[in-house]
Structure formats: structure tokens, C-alpha cells
Amino acid sequence: MSNLPLQRRRQRRNFIHGIGFLAPNLLGFLAFTLIPLLLSLFMAFSNWDLRLHNIFVREPLRFVGLDQFRTLLEQKDFWKFLGNTLFLMMGIPLTIIGSLMAAILLSQDFRVASGRRLIYLIAGVLLIGSTVILALAGAGATGMVLLMSGVVCLVLIGGMAAGSTVYRTLFYVPHFTAGVAVFLLWKKLYSPQGGPVNNFLAPILDGLAGFVRVLPAHSDMAMLIASRVLMLGLLLLGLNVARKQWTQGDWGTIPIVLGLILLGLPVWYTPRWGAVPAIDQFFPLAAGVVLLVQIVLALRVTRMPCPLDEGMGNALVLSALLMTLQFALLGLGNVGFHLPQMAADGLEPPKWLNEYHWAKPAIMIMSIWASIGSNNMLLYLAGLSNVPVELQEAADIDGATRFQRFWHVTWPQLAPVTFFIVIMSVMGGLQGGFEMARAMTAGGPAGATTTLSYFVYTEAFENGRMGYASAIAWVLFAMVFLITLFNWKFGSRYVND
Amino acid sequence: MKYIFLVSFVVLSIAGIALTLTRSDVVGDKPIVYWQTQPSPEARNRAQLFRQWLAENGRPDIDLRIDPTSPNLSKTIIQGVSGVGGDLIQINIGADLTYLQEIGILEDLTDAALEHGFDTSTFASRAVSETTVNGRQYAYPFQLYVLLLYVNKTTFEELGLPLPPKQMNFETFERLGREFVERANPPGQPHRRFFAESVNYNTMRRSLGLDVFNETLTACVLDDARYERVLELIHRWTYDLRILPSAADISSFAATGGTPFGPRLYQFKEGNIGIIGGGNYLMGAMRQLGTIELAVIHQPAEEFPNALFGAGMLAMYRGSKNKAAAYEFLRFVASSTWNQSVAKVGDGIPANLQYAYDPDFLDPPNYPNEAGCNIVFVEAVELIGVPYSYSPFVPFSISNKIDNDAYQQFMAGRMSAKDAARRATELINREIERTLRDRPALREEYERRLERQKEIDRLRSEGKPVPLEWIDNPFHRHYYQFKGWVAP
């Protein structure tokens, strides 16, 4: 009994010490996160405009309820910029595949056992040689080609000498290089005339133009139809897998519906974006027939029972991938259709950032390049090192091929990593695009590369509409929050599956 | 651990306090003034000149520091409303001045201007609307500019072509442009050399009597066949006749050499572009490239010759902690020393036009290749310069962006000229409605102007003149005078 006050004093003292330790962090969190967050929530429901309210102007603010959100949803630009954001996010599946392939590649050891001194010698000579070439030939086309060849050899030999660490570092370089520097570099690479990308493409396109010119008549239509058939094939593949998984009780109804929505998007857009409306308008009909057949097949067998949301992760990953491929085929088919006509006058490389239709793909390509070697690759590398060797050995003993070992052993074991990467990439994608828009295109041409985050910036700091900008930010937050909820709900189950 | 933490905390706190107390503006013996401007050798030279001027006039020394900023206003806005703006703010168009005044970060300089002898009666009359809001002066114009076209005379001579005349209508511009590109480019090859870098669609539509806003600035009126004509012409010149480079061509220039004003001047000097647009401030940059034989002409225009006019201005931050010292710099800007320095350097037109007729400014002795250029700029300021029009009912940043976006959409082939004109009109008018909804205090003024607009429309439909004071739009004020539609 007599120790109680002493114990309480000690507890209080410990509490004060604990708070003291936490205070800097807590104060920082309050000042720079929580209070601005609450303030922006308040702003989103007010008519806060810099012309009405700032430290010099203090006109009374008005509560406007949901007006800002209503204006936002009625504004065509918002939907356009959301579309831009989602378009850029279509690169995510490719990024994930790229990161996985890079990780698998980099988990191998490239080091050669002997002759290291000789290799170092060759590498050194190549390095000096490249520098000399650059000095002598200048940065002209020949000099650049020689230099690049030298650098490639240097990288290969460096890998042989120092092992995969060299490649891991090189792959990770884009991630720790300052963003603006990378963007400016890509802007130069994309320069329509004289840029390295178009310099590389020009002879290829010349060759392609020559090839296309000698193609038989109606080859344009054949390419278009081939692309649509392949799109149907991908749809069929997706539906077939979905049907089997559903009937076997591996996928529940909710993931099936969500997957169908994703697979249905290219079907919906084909008549709208297709090159030949007379043909493309029948695409949804053909897709409907495929769907109907699959439904009939599904209903003919007795389904194994399973929870409604079973298999969510697998279903979404597969559907997103197939959707991206379908869209890619849609675009390729359109290009193929117009190709003979374009080739008649010679094929010119794209104008990339200056052309409305190419600006977004140009940004997407750059993002994919930057993301393949990012943290995603490191996560996959860590995930690969955790795959139990016994499982691989067991599969090997069972006579599984390399691909079968990957598909049935490695890939399922990487499920937690994949799911985490997908969620983080989607969240990052929704919030991303600001730096690129600011540094490379100023959101143009004609708003083609304006993403939601850049929209928030322009509304707040160029137009002074703080309330409206806050409303956009909160809508963005709502989207990210929904994805986080999705993660909580299905993440652990996907991993356990 | 807790003692390590405590010691770290104390050390950091002491270091922070020491750093604060030893800051140069705390311990220095002279006041520091921050001048928000684009960093350039000229700005640094003027800061040096300011100190000399202070010494010569027996005034206490001031440490003038350049706070680098870009022409984009966002940095100024963010710093200003956060209470950490530069003491002196450089502004390049009146629309920005109006916006900064609306957000309350500018000091009223009317009384200071009277005291310094630099009020609105002393500088170019066309700059008055740029520097004032509701009759109060918020900035000192430190130099003027008007956007005309430079001609590289050597390029035309080498091609055996006569120099373009000082004034051209659209048809003449097109005809000369076709001749130029035919001579300059090998037949059958894509054009790599262009007649002109660009034309100003604002000036072109104004030359047809059309502006973004109506007379009272209450509505956008771009949905008009005259604007469609301008759009279609520019498209034709860019993509069909290829006498103007496309955005992609201009982007390609970026890979082939540059100057402080971008690679365009280099292309101009090399003869790949026969004509470029700009103010007389470009001549300073061109001098760095060597000698270019120059002539200056007007933008292509039809009935109403005009040119976009503006003023480089200096305003004072309302939250400045060194206002007395900042006023000293404004006094310097109003002085003959400053105006003479503008005339001598030639990076603008002196705001006080009496200095603009200095023979050394009009025909710089060291640059005979520029002879006869500055007089065209000065005359343009006096005769045809018209500032941008901006409505109090929609921020210029928004109306300008909408206008520009519609133009880009049209040039990208995303919509027809008619749709672009209609879209710009609809969106700007929707923004006006939105401003009135968000700021009901403006409604009364809007209604008043609307009534006046109806009266103007009625008088014009009857072919009667209109009192000049009824017209708020600076373009229409000049246009009505030009047409003789102003009531005596």
C-alpha cells in the first residue's frame, strides 16, 4: 500500500518522458499533417478563394455545402483529367511484369569464377575507350552510337566481374535519380527531330513503310480484323478462366463481376475508338455471344460453393492485365488500319510530347522505365529469396519445366508481394503525374497530360480557388481510401489463397 | 537514451537560436530589400546602379538582393499569402497586378508615386490601366513593351526576296510566306525553314474588331465567325502551307542550340526562321549571338492595326518589413537614372517616353544593325499598343487558359474552329457565372454593367456613337475611337 504513490509518481514520470520523446514527432504531425488535413476538409465545404480570404483579406467565408463537389462533378475537365490519370495507370500491369522479370533476372549470379583480373582490365580499357571516343567524335550520331556500344559492353563485363550487384544498382538508378533531371532528359530523348528516340525509329519506320507499300490490297482491313479477333481471343481466355474458377469454387461472384467489368471496358470502347465504325460496332455483339456461351457452359455444371469475395486478387490481376492487352490491341489495330495510307507518304516518327494522342503514351513509357527498377523490383527480389527451396526441388523432382515451376510454385509464393505492389502502385498512380506535367508538358497539349494532382495545383496556386482545390483533393482521397479499404478487406485473403 | 535525446534537443535549440540571431538581416547595419525578379545580368547591373545612385544622392546604403522568380505567378502568390513575399514584386502584365491586388498583397503606391513624381500623369498613357486598379496606383512601370515582329534582313536578302512591309494584311502575309518557304526549302522535302515563328491570334482577331470580352467585360464573345476565320488561317499556315512551324517543329528546335530566350533566337539568326515575334527586350539577347541585321514590322492585321502592349512593373509587398528601404528603390525606378539606363541597355522601352526619344536609344551607336528598330516600337506604344483585356468577373489566368486550351484543341485537330470558338465562349461565361455565385458582392456591379452593355448594343445597332466612359474594355476603347464610334 505504501508503495502505491511512488509507483504512480514513477508512472507519471515515465509518461511525461514518453510524451517528451514523442513531442517533436507529434507536434510535426499536428502542424504539418493533421491540422492542414482538417483545414482542407473545412475548405472543401467553403467558398475559400484567395481573393476572399488570406492573411491580408478577411472577407467572411461562406459554408457552401456540397457545391464545390457538385461543380467538380459537373465540370467536363475533371472527368477528362481523371481519364488521363487512369490512362497513365494502365502502365501499372506492364510495370509489375517488368519488375518481376528484372527481379528474376537479377536473382541470378552473373559473376564468372576466374579471370577476374582480365575482366577488370577489359572493363577499364572500355571505359577509357568510350571517353576517348566521346572526346574525338563528339556527341554526334556516330560518336553516340560508338559510345553507347562501349557502355553496353562495359555494363556486361562489369556484371561478369562484380556479379548481379552491378545490375541491381543500375536498375535502381532511375529510382534514386532526381525526378526533374530524369524528366528533362526524357524531354530531350523525345525531341521530334534529332531526338535519340526518333533517330532510332526513323530507319525502322522507313523500312516498315517500304514493307507496307508492297502489301496486298485490303491488308489494312485484315490487320484491323486480326486485332479484333485477337481481342476476342483474350476476352475468351479471360472468360474461360473465370468460368472454370467460378465453377470450381475458387472465385466468388463479386470478383467475377468486377473482372467482367474490367474485361468489358475495351468492348465498350471499341465502337467509340475503333477505326472503322461499320465493323467495330459489331464487336460488342461478338463479345456478347462469347459471354453468352461461357454463361451457358457455366450454368451446365454444378458449382462448388465458396464465399462471395473469394479469389478477388487473382481475378483482378488477370482481368487488369487482359484489359490492358485488349486496349493495346485496339490501338494497334487502328494503327494497322491506317498504316498503308500513312506509309504512302513515308512514315514519320511520332511527335511524342507535342501531339495530343502521343503525349500520354510518351509519359507512360517513361513511367514504366522509371518504375521497373524501383522499389517494386526490390520487393520482388526479397520475395524471391523467401520462396522455399524445397518447393522448387519437389516440383523439379516431379518433372516440372522451368515455366511450370514458376507458375505453380514461385508465382503463388509471390502473391503477398504482388498484391502489395498492385495496391501501392494504384494509390501512387492516382496521386501521381504532377512532377511530369509540371516539368515536361505543363499539362498539355490541350490538357492531354493534366492529371488530378496537377489539376489540384493549378486550381489552388494559379487560380487561387483553395476550396475547390481542396474538394478535388478530397475526391482523390476518397478514391485512394476506397482502394485502401479494398486492401484491408481482400489483401490478407488473397495472400492466404 | 533520454539524456542523449535531451542533450540533442538542447544543442539543436541553441544552434537554431544562434543561427537566427546571426542572420545578416538581424545583425547587419543596413536594411535588406528583396527584389523578386527574373535573375539576369541586367537585374544585377541595376542592383549595382541602385547602390551608386544611393551614394550619389547621399542616401543611406541598402542591401538590395535579388529573389529569383519566374514569369509564372504561383511563387509570388504562395509566398505573398504566406506572409513571406519579397519586398518588391516584379509584374509583367496588368492582369497579374489586378489579381495580386485582389488578393490584397500589394501596397497602395498612389501617394508615394505623387511624392516621387511618377504618378499616372508622368508615364506613357497606355500604361495607366496596367498600373492602376479602381483609380489607385499599385505599381511603377519600369519599362514598356509591345509585341511586334523582327525580320532577319540577311535571310531575305540571301533568298533574293524583298523585305516584308511594315504592315501586312492576312493575304499579303500568306503570299510572302509561300514565296519564302518555296525559296528556302528544297522542293519535295519537308519544310525545315519557316517564314515566321508564330503569329499572335489575339492581335489577329482584334484586327477584325473582335476581342475576348464585350465592351463592359461582362461576357465572352469569342463565338464569332471572325475568330473562326483566324483559327482556320493559322491552321492553314501551319499545317497546309507550312509557312509557320508546328509545336513539334518548335520543340525540335530545342535540341539544336539555345540562348537565354531559348533556341528560337538561334534559329532566327541561322535563317531557319525569317521572322520572330517579341518586344524590343529581345535585342539584348540577340546581341549575344552576334550581329543580326534587323528590321521591325507589325503583326499581320486587317482593318484595325494593333499590337499587344504591356508594362514591366514593380509593386511593393504589403507585408514588407522594410517598406522605407523598398520605397527608396521605387524612388530610384522613378528617377532619370533608371529611365536612362533602360534607354542605354535597350532591354525595354523607358516608361517615361521622353527618354525613349533619346537618339542613342533609337539608333544605338554600337549596334548599327538595329538602326530604325526602336522607333517602330516606340511609335507602336504610342499609336497601336493595346493591353490584354481582363474581366473583374473571371481571373485572367482562367480565361486565358480556356482561350489557349480551345486554341490548342483546334490546332491538335480535336475540334473544329467553330467548336473551339464556342467552347471557349461557353467555358469563360460559365466561369463568370461561377465567380458571381462565389462572390455575391460583385453581383451589383455586374448588373450595372449589364444594363450599360444593353444600352451600348442598342446604340450600336442604331448606328449611334457611344460615350467612351461607358466602355471598360481597353481594346474596345481604342477600337471605338479608331472607328469613330465615340460620342463627342
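In this predicted model, A:A446 is found in the loop of chain A that runs between helix 20 (434–441) and helix 21 (452–462). Although A:A446 is not a glycine, its phi is positive, at about 50°. Most residues other than glycine have a negative phi. With a relative accessibility of 0%, A:A446 counts as buried, because that class takes in values under 20%.

A second residue with a positive phi is B:N134, which is likewise not a glycine and has a value of about 50°. B:N134 is found in the loop between strand 4 (132–133) and strand 5 (136–137) of chain B. Its relative accessible area is 75%, and B:N134 is therefore classed as exposed.

**Chain A as a whole**

Chain A is built with 22 helices and zero strands, and its C-alpha atoms fill a box of roughly 95 × 65 × 65 Å when this is taken along the principal axes. Of the 497 residues in chain A, 42% are buried. The chain exposes about 27,000 Å², and carbon and sulfur atoms supply 71% of that area. When contacts in chain A between residues at least 6 apart in sequence are considered, 77% of them join residues at least 24 apart.

The chain is divided into domain 1 (4–65), domain 2 (66–110 + 350–497), domain 3 (111–196) and domain 4 (201–348). Between domain 1 of chain A and domain 2 of chain A, the contact takes 13 residues from domain 1 and 12 residues from domain 2, while the C-alpha centres of these two domains lie 32 Å apart.

**A nonpolar patch on the surface**

Which residues form a nonpolar patch on the surface? The patch is formed by A:F15, A:I16, A:I19, A:F21, A:L22, A:L26, B:M1 and B:I4, which together have about 840 Å² of accessible area. Helix 1 of chain A (residues 4–44) gives the largest share of this patch, namely six residues. A:I16 has its place in that helix, helix 1 of chain A, and its relative accessibility of 53% means that A:I16 counts as exposed.

**Charged side chains**

Side chains of opposite charge can pair when their charged atoms come close. Over all chains, the structure holds 45 salt bridges.

| Pair | Distance, N to O | Relative accessibility |
|---|---|---|
| A:D280 and A:R228 | 2.6 Å | A:D280 1%, A:R228 6% |
| B:E444 and B:R448 | 3.8 Å | B:E444 58%, B:R448 46% |
| B:R458 and B:E462 | 3.2 Å | B:R458 34%, B:E462 43% |

The salt bridge between A:D280 and A:R228 links distant parts of the chain, since A:D280 is in helix 12 (residues 277–280) of chain A and A:R228 is in helix 10 (residues 219–247) of chain A, 52 residues apart. Is A:D280 buried or exposed? At 1% relative accessibility A:D280 counts as buried, and A:R228, at 6%, also counts as buried.

The pair B:E444 and B:R448 lies in helix 21 (residues 443–461) of chain B, where the two residues are separated by about one helical turn because they are four residues apart. B:E444 counts as exposed at 58% relative accessibility, whereas B:R448 counts as partly exposed at 46%. Both belong to a network of salt bridges in which B:E444, B:E445, B:R448, B:R449, B:R452 and B:D472 are linked. In the pair formed by B:R458 and B:E462, B:R458 is partly exposed with a relative accessible area of 34%, and B:E462 counts as partly exposed at 43%.

B:D119 is buried, yet it has no salt bridge. How far away is the nearest side chain of opposite charge to B:D119? That side chain belongs to B:R136 and is 11 Å away, so B:D119 has no partner within the 4 Å that a salt bridge requires. B:D119 is found in the loop between helix 6 (110–116) and helix 7 (128–131) of chain B. Leaving aside neighbours within four places in sequence, B:D119 is in contact with B:A113, B:L114 and B:Q137.

Technical notes. Residues are numbered from 1 along each chain as its sequence is written. Chains are lettered from A and ligands numbered from 1 in the order in which they are written. This is a predicted model: local features need pLDDT of at least 70, side-chain atom pairs count only at pLDDT 80 or more; totals for chains, interfaces and linings use all residues. Side-chain values use heavy atoms; hydrogens and water are left out. Patches are made of residues with over 30% relative accessible area and no salt bridge: like charges are joined within 9 Å, nonpolar side chains (Val, Leu, Ile, Met, Phe, Trp, Tyr) within 5 Å. Accessible areas come from the Shrake-Rupley method with a 1.4 Å probe; for residues, only the protein chains shown count as cover. Buried means under 20% relative accessible area, exposed over 50%, partly exposed in between (1.4 Å probe, protein chains only). Lys and Arg count as positive and Asp and Glu as negative; His and the chain ends are not counted. Contact means heavy atoms within 4.5 Å. Domain bounds come from an automatic or database domain assignment.
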